[in-house]
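Student: I would like to learn how to read a model of two chains, from the fold through to the interface. Could you take me through it feature by feature?

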Amino acid sequence: MAGYGAGLLLLPGFAFILLFFLVPVGLILAQSLFDPAFSLRFYERIFTGPDYLTVLWISLKIAILTTAISLAASYPVAYMLVVARPAIRSLMLAFILLPFWTNVLIRCYAWMLVLQTKGLVNTLLVGWLHALAAPAPLVFNLTGVIIGMVHYVVPINILVLFSVMKAVDLRLVQAAKGLGANPLRAFLAVFVPLTLPGVRAASMLVLVISLGFFVTPALLGGREETTIAILVNTYFTEVLDWGFGSALAGLLLVFTLAGLSLYFAAQREGAELAAR
Amino acid sequence: MTGRFDLFAATRWVPWLFTGLVLFFLAAPLFVVVPAAFNNSSLLQFPPRAWSLRWFHQYFDNPSWIEATLMSVKVGICVSLLATLLGLASAVGLARYRLFGRNLLRALVMAPLLVPVIVIAVGLYELFLRLGINGSFAAIVIGHTLVTFPYATVVIGAALAEIDPRLENAAVGLGARRPRAFLEVTLPLIRPGLVVAALFGFLISFDEVVLAIFLTSPATMTLPRRLWDGIRFELNPTIAAVSTMLIVLSTVVMLLSEVLRRVLARRSGLPAGQGR
């Protein structure tokens, strides 16, 4: 009885998802596999030429570098959020949420102003400090993409890790100290292992986000930093080869789903560890 | 001698220094656009030699910027309403649904957030082109609703979980029909959740770039789409002026949502910052 009424309430949302999510994604997948008869020709093309393998490699490299640097930056900050006094914590959260709420285009534009040849950093290093003879190339290359991507994912990474660490019982760390471990050892031997499943889940999430991200590599990268997402855009809007573009989108989808299943597995493991 | 402990006491500032550097990295670049917006010259220079408001005048005098801003507001309002309604129906439906496949349905609602936006964008682009509605007002509203109503479902679902279902049942027991009991008992209690969902919906739509690149035409160009074109092809300080205004806006929205969160927490009888 109750289920019947609930079914009716669920209808509009799921009709919307069916029509505007499942159908379009299905359309893309079908288009990547039928030409017009079933064929894997588009996917073969991705994996046979060196050009597209390079693009896959660069996308993966950007995603992995971003994830690693983001974790290194986020983990200590998330920990400090846990141990900080409430007033300090609110202040820290303001610094984290401001970029989180700021349009990604503005964040990229800000980085252009900071990093370009006549930007803030180069003006500082070359003009004022005379540390460099000529401006360093900091943007429209891999450096620029990584800086922009890390800036994009760190707030997300910190917030996810913060929610993981909040669940850890800090008394265990106190107990380790009480038993004679020094603070560093108590942190490394007790706190860190307890957060590892959460770290794995958060990193998978960041990796998936980085892999499919389009705006930052497109604005802060150069020609060398062409990612799968950029290539999808190129094939749909410039080359107009929708079949091949669909195969690239399909591949991105497969990578994402693989990453997400690892994410959910890590999350479940974390929940089991916390329940123990 | 307690040299070892003194060493730890002496290095306690290291994690704080690291945290400070990460927070500086996150927030500081955003403010670099502010002096660029008030710089009189069209060339980028630090520090600016003369100040002016000309780039703000450029924004207000240029119909393409103003029209794009108004379009974003219009799209944002429609998306906010639509996403909140769909989210409300889905959240109530999911809370009451007791039949098979409940977890699958929950996962399906979240799915549009997990797939890379570029994949959804090309899928909808192709679907809308085939239907002959790409570039229309409806196209961008549908696209944005798809990526906002999952958030609305989660936020409203969380608000529903905070209230006691027996309140609505009591109203039914006292003779009210189920819809009236819902409208007069449950709905007022979850109002803060609805407001947060609507605000999120507006903000995400107002910020969204990738779908806008594919689904808008010159007639339906939104502000982020205009910014995207501006950053790629013009790169004059008008963009810094627009960015400055948007950073102010996101700061205001951030403070507003914090106030709302506290109201929500107080309604549910918990002190601020201690919600579930």
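This is a predicted model: local features need pLDDT of at least 70, side-chain atom pairs count only at pLDDT 80 or more; totals for chains, interfaces and linings use all residues.

Tutor: Residues are numbered from 1 along each chain as its sequence is written, chains are lettered from A in the order in which they are written, and side-chain values use heavy atoms, with hydrogens and water left out.

Student: How many helices and strands does the secondary structure of chain A come to?

Tutor: Helices (H or I, at least four residues) and strands (E, at least two) are DSSP runs, numbered from the N terminus. By that rule chain A has twelve helices and zero strands, and its C-alpha trace spans about 75 × 70 × 35 Å along the principal axes. Buried means under 20% relative accessible area, exposed over 50%, and partly exposed in between (1.4 Å probe, protein chains only); 50% of the 276 residues of chain A count as buried.

Student: Into which domains is chain A divided?

Tutor: Domain bounds come from an automatic or database domain assignment, and here they give domain 1 (1-39) and domain 2 (43-275). The C-alpha centres of these two domains of chain A lie 31 Å apart. Contact means heavy atoms within 4.5 Å, and the contact takes six residues from domain 1 of chain A and nine residues from domain 2 of chain A.

Student: What area is buried between domain 1 of chain A and domain 2 of chain A?

Tutor: The size of an interface is often given as the accessible area lost when the parts come together; buried area is that loss (1.4 Å probe), summed over both parts. Between domain 1 and domain 2 of chain A the area is about 530 Å², of which carbon and sulfur atoms give 72%. Ile28(A), Gln31(A) and Ser32(A) supply 72% of the area that domain 1 of chain A buries against domain 2 of chain A, more than any other three residues.

Student: What area do chain A and chain B bury between them?

Tutor: Chain A and chain B bury about 7100 Å², 85% of it on carbon and sulfur atoms, and 81 residues of chain A are in contact with 77 residues of chain B. On the chain A side, helix α1 (residues 2-33) gives the largest share, 19 residues. A salt bridge is a side-chain nitrogen of Lys or Arg within 4 Å of a carboxyl oxygen of Asp or Glu, and across this interface of chain A and chain B the rule finds zero.

Student: Which residues have the most contacts inside the largest nonpolar core?

Tutor: In soluble globular proteins, nonpolar side chains tend to be buried together. A nonpolar core is a set of buried Ala, Val, Leu, Ile, Met, Phe, Trp, Tyr and Cys residues joined through side-chain atoms within 4.5 Å. The largest one has 143 residues, and those with the most contacts inside it are Ile46(A), Phe214(A), Val215(A), Ile118(B), Leu124(B) and Phe214(B). Helix α3 (residues 50-83) of chain A gives the most to this core, with 14 residues.

Student: Is Glu126(B) buried or exposed?

Tutor: Glu126(B), in helix α6 (residues 117-131) of chain B, is buried, with a relative accessible area of 0%. Leaving aside neighbours within four places in sequence, Glu126(B) is in contact with Leu27(A), Ile28(A), Gln31(A), Phe236(A), Trp242(A) and Ser246(A).

Technical notes
Buried area is the accessible area (1.4 Å probe) that two parts lose on being put together, summed over both.
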